Amino acid sequence: MFVADLPDASPALSLRGLSKSFGKPAVDRLDLTIRAGEFYALLGPNGAGKTTTLRMVAGLLPPDSGAISIFGIDALRDPIAAKRVIAWLPDEPMLYDKLTPVEYLEFVAGLWGVPPELAEPRADELLATLGLAENARSRCEGFSRGMKQKVALAGALIHDPKLLMLDEPLTGLDAQAARLVKDLLRERTRRGCAVILTTHILEVAERLADRIGIIQHGRLVAEGGLADLQAQAGGAGATLEEVFLALTGAPADRAA
Amino acid sequence: MRPQPATFRWFAAHDLKLARRRVRAFFGKSGPIKITLILGAALVFFHALALFALDTALEDFEDGRRALYPFVGSAALFILPWIVSQALTNATRALYTRGDLDIVLSSPMPARPVFAARSLAIALESIFSVAIFVLPIANALALLADGRWLAIYPTLAAAGLFGTGLGLVLMLGLFRFVGPRRTRVVANVLATLIGASFAIGLQAYNIAPAAYRMAISEWLSGARAGGLLDRDSLIWIPIRAAGGEPWPLLLWCGVSLALFLAAVLTLGDFFMRGAGAAIGSERREAPQVKRATRFRAGVGAALRHKEWRLISRDPGLASQILLQIIYTMPISVVLWRAMGPNGSLALATAPALVAVASNVSASLAWLAISSEDAPEFLATAPVTRREIERRKLEAIALPLIVIVALPLAFVWSAGFKAGAVTTVYVLAAALAAALLNLWHPVPGRRGDILRRHSQSKLVAMMEHMLSLLWAVALALTAFGSWAAMVPIVCALFLLWTQRPKAVLATA
């Protein structure tokens, strides 16, 4: 399925009453909507339910209840169609150590059904953009964590996803690579791709995100642009860190 | 009283705690009471078995302990290599598994107490791995024959120290001469070969021409006074120690303790330096792939090529396959001999080939299914789980064909019927082994292929039974016996009992 086939008016991602419990609720009746071309940052303390939410959207965890719609596709009823338009990048890159980056991209392109004549130049372009061209034919086993993270990101982008979900994508990247990735993600949103990202680096969310959602105990406690969040936290001019700590109930002095 | 931190006793307590938890993990979620009950039941069972077997057997040996020495010696030929093999495996694991070694290495601790504690834990693990089988025999011998057989206890403990000392020297010797990058694979292969050395030796004996076998038998039974096999020679010291002879017992315990202490005291610093190098060896210049990668269309091609690449770049797989062939193929020589002067070696090869196909298929299926490096990544792909599994099974067919093609062609040379029937059995055995691994995945790292059976004894047992049943079925078919239906039905029934009980959602 290509973007032209997707319903125009549908949000990129719509979660309704999404719940998941592991003994105690991890995600609790979560409602969330992300539009096409939007950069959305999902913030929250450790164990708030961010990763569980993304794993349910990626089709890795079945929710206990609720609905997931991706560009109008019911992801629970037709997971294959939904998976065609999404990409999921976890915090630990999922790679094959014995494959080279170009072999990995060939594999991913094959799984997502990207025609070879499209996949090959796209792979070359991604490897060049991410500074991996020199290592394109070296096996990943000798790569640093940052390099592996970049290969995994290239894999997430090779099929040109319409919804890109990234869990702590900047972990292990040096400043230059982090900047590169941020630029790449921004460029993707300009082309209509929706990006949802979890991060503990609040500066990234503050600078990149169109909207920020703060999740705690599996529920969305605040959402909006920085100004909206400042208003909700009752402190105009406050930094995102201060807003975050105020909304999640963590004492500022302790967190600092 | 708690041992003082950063001393040998403190590290020993720490390592024993970890070893205890590994033993508990082996029993899954069973609690301490259940584990105690299982171990207690096993001890009672082995004691009953030993008492029953020895009560009958000892009637023929009324002329004292020394008459039993050849049998104890045969058992020692199994046990001592096994202990060395376990020590080599555990020492390699201690060197390469990062675990707590990073913290220990970065602490201001001297290397010697750390290494000594770790070596002691390795020795104890090796001893306990055989004690449950050996000590009931010692108790039964003491009860039925002579109390001095209780000397098997200290003899076994000394064997543990001796084997561990030897294992450490071997492992660090490999590290020194083969290098940190290759030691892990070479040590695992060597450990497997040492552990099975007695069985391999027996098979080599079976393969040898009649004249050689006769010469070996004469040499073994000769036992000339002052010769290597004379009961008073050094080679019998551990056996005489087990029989409770005071001086041999003292000598065996002394030598073993000395070897262990010498290894621990001299190799401690080298081990710690080696651990640093082993960790460093994982980060190295990655090998280059010179051939250009051609992008192909479709899920099937993507999965097939990925599996083929990973299999062809797996150093452990080649050694695993080689070992399976070493273990299995001598059966064909035994069968060939049993066929008499007009027997065909090509026909005799067929049952062994079926067993090899079954084992190799199981290993390849385990690699493709259970040791998938990125299962969650595959789960996010727009492909059903069933299709991924089907494509993976398709992918392992090619390497399997490459491995069995030549011996299968050899069987075909004996005639069309022999070739066709063997091909059918090879396919059935390979498919059954692959399905078993598909239905009962035992997740593990690719590098652990040589130890994959230690992760699930049930799957290991089923694999061996299926392999044996198909091989027996072919042998009976070759003799034109309808009895071949019995192992076929048994194999199919066994497979049927292992089928998945519920079909999971495939996406």
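In which hand, right-handed or left-handed, does H6(B) cross H7(B)? In this predicted model, H6(B) passes H7(B) in a right-handed crossing. Helix H6 covers residues 152-178 of chain B, and helix H7 covers residues 180-195 of chain B. Their axes lie 8 Å apart, at an angle of about 135 degrees. H6(B) is therefore oblique to H7(B). On the H6(B) side, the contact is made by Met171(B), Leu174(B), Phe175(B) and Val178(B). H7(B) contributes Pro180(B), Arg182(B), Thr183(B), Val186(B) and Ala187(B).

H7(B) also packs with helix H3 (residues 69-96) of chain B. Here the angle is about 165 degrees, and the axes are again 8 Å apart. An angle over 145 degrees counts as roughly antiparallel, so H3(B) is roughly antiparallel to H7(B). The crossing of H3(B) and H7(B) is left-handed. From H3(B), the residues that meet H7(B) are Pro81(B), Trp82(B), Val84(B), Ser85(B), Leu88(B), Thr89(B), Thr92(B) and Tyr96(B). Their partners in H7(B) are Arg184(B), Ala187(B), Asn188(B), Leu190(B), Ala191(B), Ile194(B) and Gly195(B). Ala187(B) is listed in the contact with H6(B) and in the contact with H3(B).

Chain B as a whole has 20 helices and zero strands. It has 507 residues, of which 36% count as buried. Among its contacts between residues at least 6 apart in sequence, 80% join residues at least 24 apart.

The largest nonpolar core contains 141 residues. Met165(A), Val354(B) and Trp470(B) have the most contacts inside this core. Helix H15 (residues 345-370) of chain B gives the most to this core, with 18 residues. A second, separate core has 59 residues, among them Leu95(B), Leu141(B), Ile194(B) and Met272(B). Ile194(B) also belongs to the H7(B) side of the contact with H3(B). Leaving aside residues up to four places away in sequence, Trp470(B) touches Val354(B), Ser358(B), Tyr425(B), Ala428(B), Ala429(B), Ala432(B) and Ala491(B).

Contacts between the chains involve 30 residues of chain B and 34 residues of chain A. On the side of chain B that touches chain A, H12 and helix H16 (375-379) of chain B are the elements that give two or more residues. The largest share of that side, six residues, comes from H12(B). H12(B) comprises the 14 residues 299-312. At 1.5 Å a residue, helix H12 should span 20 Å, and its end C-alpha atoms are 20 Å apart, which agrees. Its buried residues include the nonpolar Ala302(B), Leu303(B), Leu310(B) and Ile311(B). Arg304(B), Lys306(B), Glu307(B) and Arg309(B) are buried in H12(B) too.

In chain A, helix H5 runs over residues 145-157. Its 13 residues reach 18 Å from first C-alpha to last, close to the 18 Å expected at 1.5 Å a residue. Ten of the 13 residues of H5(A) are buried, so H5(A) is largely enclosed by the rest of the structure. The buried residues are Met147(A), Gln149(A), Lys150(A), Val151(A), Ala152(A), Leu153(A), Ala154(A), Gly155(A), Ala156(A) and Leu157(A). They pack against two strands of chain A, E6 (86-89) and E7 (163-167). They also pack against helix H3 (101-111), helix H4 (116-129) and helix H6 (175-190) of chain A.

Notes:
Residues numbered from 1 in each chain as written. Chains lettered and ligands numbered in written order. Predicted model: local features only at pLDDT ≥ 70, side-chain atom pairs only at ≥ 80, totals over all residues. Helix = DSSP H or I, 4+ residues; strand = E, 2+ residues; numbered from the N terminus. Expected span 1.5 Å × (residues − 1). Buried ≥ 20, exposed ≤ 12 C-beta atoms within 10 Å, placed from the backbone. Core = buried A, V, L, I, M, F, W, Y, C linked by C-beta atoms within 7 Å. Contact = placed C-beta atoms within 7 Å. Axes fitted to C-alpha atoms, helices over the stretch in contact; angles between N-to-C directions. Parallel < 35°, antiparallel > 145°, perpendicular 65-115°, else oblique. Left-handed = near helix turned anticlockwise from the far one by under 90°.
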